[in-house]
Amino acid sequence: MKTIVHVLRHGEVYNPEKVLYGRLPGYRLSELGVQMAKAAAQAVTEKDITYVVASPLERAQQTATPIAEQFGLPIAVDDRLIESANFFEGKRVGVGDGALRDPRNWWVLRDPLTPSWGEPYSVIAARMFAALMAAREAAEGHEAVCVSHQLPIWTLRRHVEKKRLWHDPRRRQCNLASYTSFHFEGTKIVGISYGEPAAHLVAMSPTARQAKGA
């Protein structure tokens, strides 16, 4: 029996202070992010979606809403889909902010492989894989959408592909409002596909341009 679980990254967040918001409450989609969520919903209009589940964070719930509404489904909540924990949550850690050069933070940065500054990649992979399999079971024979966050989604993909979990964040293939879709036959994953239905909107995002150095 074939099942597809589409793991969707949320849309752009309103974050004028440019902090690493992580799991902090109150960070919602920007106006552009709302449009990204609508584009993501439109991309699955013809899909056989029978289950929608999201991280408990506001931005994920907002991104899930237009999908759930168009299929007349409730939004389930799975805490395992939440953003990864991070020592720098609530701080500015962008290029030029100095946080990574501050000697007071060097102990936190001592181990990039675990990593020492946040939730271990192995823990992220385990909880995300469990959430993925739960969604597969809930939508067995049909399709599901799980709304999560960039690092958890990318860690899940690397885990499934049997790649080392530590990586260069600049090389993640997990853009705003993108789908990483896991294709199952029974309980076995037989393929992974990727799509960016909101790419035209991401191109308009200052956040996305800054992330690419533009």
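The questions and answers below go from the whole chain to single residues.

Guide: This is a predicted model, in which local features need pLDDT of at least 70 and side-chain atom pairs count only at pLDDT 80 or more, while totals for chains, interfaces and linings use all residues. Residues are numbered from 1 along each chain as its sequence is written, and side-chain values use heavy atoms, with hydrogens and water left out.

Visitor: How many helices and strands does the chain have?

Guide: Helices (H or I, at least four residues) and strands (E, at least two) are DSSP runs, numbered from the N terminus. Along the sequence these elements follow the pattern β-α-β-α-β-α-β-α-β-β-α-α. The count comes to six helices and six strands.

Visitor: Which elements are included in what covers the buried residues of helix 1?

Guide: Buried means under 20% relative accessible area, exposed over 50% and partly exposed in between, with a 1.4 Å probe and protein chains only. In helix 1 (residues 31-43), the buried residues are Leu32, Gly33, Met36, Ala37, Ala39, Ala40 and Ala41. Their cover includes strand 1 (2-9), helix 2 (58-71), strand 5 (179-185) and helix 5 (199-202).

Visitor: How many disulfides does the structure hold?

Guide: A disulfide is a pair of cysteine sulfur atoms within 2.5 Å. The sulfur of Cys146 has its closest cysteine sulfur in Cys174, at 13 Å, which is too far for a bond. Cys146 is buried, with a relative accessible area of 1%, and Cys174 is buried as well, at 2%. The number of disulfides is therefore zero.

Visitor: Is Glu83 buried or exposed?

Guide: Glu83 lies in the loop between strand 3 (75-77) and helix 3 (121-138). Leaving out residues up to four places away in sequence, Glu83 touches Gly22, Arg23, Leu57, Arg59, Glu119, Arg127, His149, Leu151 and Pro152, where contact means heavy atoms within 4.5 Å. With a relative accessible area of 14%, Glu83 is buried.
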